[in-house]
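Please keep the sequence and the model in view while reading the points below.

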Amino acid sequence: MNKLAGNGRRFRLFGLRKKHDERDVQDEYQLLTVRQLMIRKFLRNRMALLSFIALVIIYLVTLLAGFFAPYTARDADSKLTYSPPMAIRLQDPETGHFHLPFFYPLRGKRNMETFQLEYVEERAKRIPIQFFVRGEPYLALGVIAWDVHLFGSSDPAERLHIMGSDVRGRDLFSRIIYGGQVSLSVGIFGVLITIAVGSVIGTLSGYYGGVFDNVVQRVIETIRSFPQLPLWMALAAAIPPQWPPEWVYAGIVVVLAFINWTGLSREARGLVLSLKERDYVHAAEASGASTARIVRVHLIPNMASHIIVTATLAVPVTILGESALSFLGIGVRPPMVSWGLLLNDAIKIQNIVLYPWTLFPGLFILVAVIAYNFLGDGLRDMVDPFSR
Amino acid sequence: MTPTEAVGADVILEVRDLRLHFPIKAGLLKKTVGYVKAVDGVSFSVYAGETLGLVGESGSGKTTIGRCIVRLYKPTTGIMRFRTKAGLVNIAELDKRELQPIRRDIQMLFQDPNSSLNARMRVGDIIAEPLDIHAIGTAAERRTRVEDLLEHVGLGAEMYNRFPHQLSGGQRQRVGVARALSIEPRLVICDEPVSALDVSVQAQVLNLLSDLQEELGLTYVFIAHDLSVVEYISDRVMVMYLGKLMETAPTRKIFERPTHPYTEALLNSIPKRIRGGHRKRYVLAGDIPSPVNPPSGCVFHTRCQYAKDICKTETPPLQPLPDDPETSVACHLAEEVTLQPYYTAEERRVLEADRA
Ligand SMILES: Nc1ncnc2c1ncn2[C@@H]1O[C@H](COP(=O)(O)OP(=O)(O)OP(=O)(O)O)[C@@H](O)[C@H]1O
Ligand SMILES: [Mg+2]
């Protein structure tokens, strides 16, 4: 066979086909700016988009906890301890008639054999659920005094617990919303510290190398050689018990960031090591650019998206960390509420059997953690908008 | 010898005995266990307005020389005298601050426009970067200058707000050219500026470079890994092997009368393009040796088909030929062996006639 001719023909064909197929894609691709390409990439990842929306909603709800929660976190009713979730009904089970949303109040009765309080619905009393109901006063966003809640029982004497109540008769749903303020903000603040410390140290040690880098790397290796949870526990246990709850909260944030910054710092260092050998950095250096300029103009913009991805994926780790510590009783302390702390009610096996609704906070942890992970994945795709 | 002595007035850069040995560090304590002798005692002059080709196989140290000249690297030893308005300055010794004014005069053009342009910056900002760094002109003046440059390199001012990914490879390299020229340098180190481009646009970029040279009176050091690229653009060619110069000669002489066996080997590796031409190809055997432990004597002796005993023990100095001071060669056998030219003077005439 004539090998040369064969090759020649294939080469020509290949060239033609390439031109044809790539034209439309190419043109559109070339018209978009980097940011547009990134946004388009992100929107293509459905799970990430969905997770993003879910997280926005969850954060909004916790931010406006007073409005969305029917009760405050401390509002107790000793007649309704460990009440099960109450059903929201539209239909009268006896007559079959439809009504606006309503519920039947629960009445506790002591079972004389097991000595458990057992709840039965009082069918005689239909209590409508009211939207924008006036109830407990609260401070919206911490400043505006208000008493309107999104929904609630129309009768202040008959309380509505859609996710049940705890040992002191406090509404679990409301407590979960307030707990989210702590659990979710620990994630954000912890990661902000992680970014600030990790990226600065990582960038410096990658850019300058030498003794500083060596010392930093050994420190990081030492911190990382401990298993994460026990180290967190040891550090959290060192927080003085007499501290006020706000300090403990800050302490927990710092403890959680203490391990996370090492991962981010390594990421930043690796990025800098690779970016500083790019020719555009060399070109800037050959033109006499200062180190500050190179970091600001060339390194940070090219690192930012990677850092954001790593940080996003560090948020769920931090949330889980806080939950674990609080669950074990060495995290945030009452009267603060957090999801981990609420889950502490389910620490005893008989409670899970008798009051399974005490596991609801775990569901929220799960949703938040999964959503952050999907979001992180979506952002990761977005980081390199030029790959298709 | 005082610094100004013995340097002709037409010399823009005079390099003497340049060495760059990269330390090899190993172990936990990062002890230096050896050196990569990337550039090992190189001397040459660059004349104002010329294009000096620098050719050699991969790993021979071409980029390292270029990066020493633009002072991305500080040479281990050696002198690099650069002609400024205030006379000759040894740029090998200057510190970061002292280099600042010199950097306006020497720029580098990089091989791969994909990695030499920051994907997050707009074309206009990329080209204006050197102006920005040296705080030249107002923002409006800079913009006008960049738009002029864009027109000059054949892109058009409307490219100002584009991002690199929105351009083709050839267009990107034109942006690289515009950036290198934006602060009006006098010396440009072109490090394989067309190797990463499609064959069809290589010629365009080379033409652009030579047009700009004529127009702006630039001096180029043009790095390439094979002789065919430098043939058209260079006035003189330096052939480099394993950190050392093997031969320096006017381009025409390199092709018509190579004097170093390595030059002959490089010529042999380019297909002949003369009418009906046909040549027996002698392909260089083996790989380039490691620059960590370069061979004794002449570094090329391990691959040289003419090597004799003296080549293994004594390092030949780079010296002018007795009958031709324009050509310098580092070979013990330069006057003994006759090497095969790429084409004879006769063939060259035919070729030129064809091209015209
Ligand atoms: N920063 C560095 N540190 C250590 N060794 C280096 C460094 N840069 C280059 N070298 C080594 O120096 C030698 C010369 O490299 P250089 O890049 O100058 O070669 P080159 O002639 O430009 O090759 P190419 O044609 O592949 O670009 C090589 O052996 C290379 O591995
Ligand atoms: Mg090179």
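A residue is counted as buried if 20 or more other C-beta atoms lie within 10 Å of its own C-beta atom. By that rule Arg71(B) is buried, because 21 other C-beta atoms lie within 10 Å. The model is predicted. The points below take up confidence, the ligand, the contact between the chains, the sheets, and some single residues.

**Confidence in chain A**

- The mean pLDDT of chain A is 82, and 91% of the residues score at least 70.
- Among the elements of chain A, helix H1 (residues 3-31) of chain A has the lowest mean pLDDT, at 39, while helix H9 (residues 279-286) of chain A has the highest, at 94.
- Residues 1-26 of chain A have a pLDDT below 50, and this stretch has one contact in the model beyond near neighbours in sequence.

**Surroundings of ligand 1**

- Ligand 1 is surrounded by 13 residues, and the closest are Phe22(B), Ala38(B), Ser58(B), Thr63(B) and Thr64(B).
- Strand E2 (31-47) and helix H1 (62-69) of chain B are the elements that give two or more residues to this shell.
- H1(B) gives the most to the shell around ligand 1, with three residues.
- By class, the shell around ligand 1 has eight polar, four nonpolar and one charged residue.

**Contact between chains A and B**

- Chain A brings 19 residues to the contact, and chain B brings 23 residues.
- On the side of chain B that touches chain A, at least two residues each come from helix H2 (96-103), strand E6 (106-109), helix H3 (113-116) and helix H4 (123-133) of chain B.
- That side of chain B has 10 nonpolar, eight polar and five charged residues.

**Strands of chain A**

- Four strands of chain A form an open sheet in the order E1-E2-E5-E6, with antiparallel pairing.
- Strand E1 (89-91) and strand E6 (144-153) of chain A are at the edges with a single partner strand each, so one side of each has no neighbour in the sheet.
- Neighbouring strands of this sheet are turned against each other by 30 degrees on average, direction ignored.
- Strand E5 (residues 127-140) of chain A pairs with E6(A) over eight bridges in the antiparallel sense, and Val133(A) has His149(A) in E6(A) as its bridge partner.
- Strand E3 (residues 106-110) of chain A and strand E4 (residues 117-121) of chain A are paired in the antiparallel sense over five bridges; Gly108(A) has Tyr119(A) in E4(A) as its bridge partner.
- E3(A) and E4(A) form a hairpin with six residues between them, and Phe115(A) in the turn has a positive phi of about 60 degrees.

**Sheet of chain B**

- An open sheet of four strands in chain B has the order E2-E1-E4-E5, and the pairing is antiparallel.
- E2 and strand E5 (87-90) of chain B are the edge strands, and each pairs on one side only.
- Strand E4 (residues 77-84) of chain B pairs with E5(B) over four bridges in the antiparallel sense; Arg81(B) stands opposite Asn90(B) in E5(B).

**A helix enclosed in chain B**

- Helix H10 (residues 261-268) of chain B has seven of its eight residues buried, so it is largely enclosed by the rest of the structure.
- The buried residues of H10(B) are Pro261(B), Tyr262(B), Thr263(B), Glu264(B), Ala265(B), Leu266(B) and Leu267(B).
- These buried residues pack against strand E3 (51-55), helix H8 (227-233), strand E9 (236-241), strand E10 (244-250) and helix H9 (251-256) of chain B.

**Single residues in loops**

- Arg71(B) is in the loop between H1 and E4 of chain B; its phi is near 60 degrees, a positive value in a residue other than glycine.
- Glu192(B) lies in the loop between strand E7 (187-191) and helix H7 (199-216) of chain B, and its phi, near 45 degrees, is also positive.
- Glu192(B) is buried, because 20 other C-beta atoms lie within 10 Å.
- Pro164(B) is in the loop between helix H5 (139-152) and helix H6 (169-181) of chain B, and counts as buried because it has 23 C-beta neighbours inside 10 Å.
- Leaving aside neighbours within four places in sequence, Pro164(B) is in contact with Leu117(B), Ala119(B), Val123(B) and Arg172(B).
- Pro164(B) and Ile126(B) are 38 residues apart along the chain, and their C-alpha atoms are separated by 9.3 Å.
- The peptide bond from Pro334(A) to Pro335(A) is cis, with omega near 10 degrees; Pro335(A) is in the loop between helix H10 (291-327) and helix H11 (339-343) of chain A.

Key. Residues numbered from 1 in each chain as written. Chains lettered and ligands numbered in written order. Predicted model: local features only at pLDDT ≥ 70, side-chain atom pairs only at ≥ 80, totals over all residues. Near = placed C-beta within 6 Å. Nonpolar A, V, L, I, M, F, W, Y, C, P; charged D, E, K, R; others polar. Contact = placed C-beta atoms within 7 Å. Buried ≥ 20, exposed ≤ 12 C-beta atoms within 10 Å, placed from the backbone. pLDDT = per-residue confidence, 0-100. Pairing = 2+ DSSP bridges. Axes fitted to C-alpha atoms, helices over the stretch in contact; angles between N-to-C directions.
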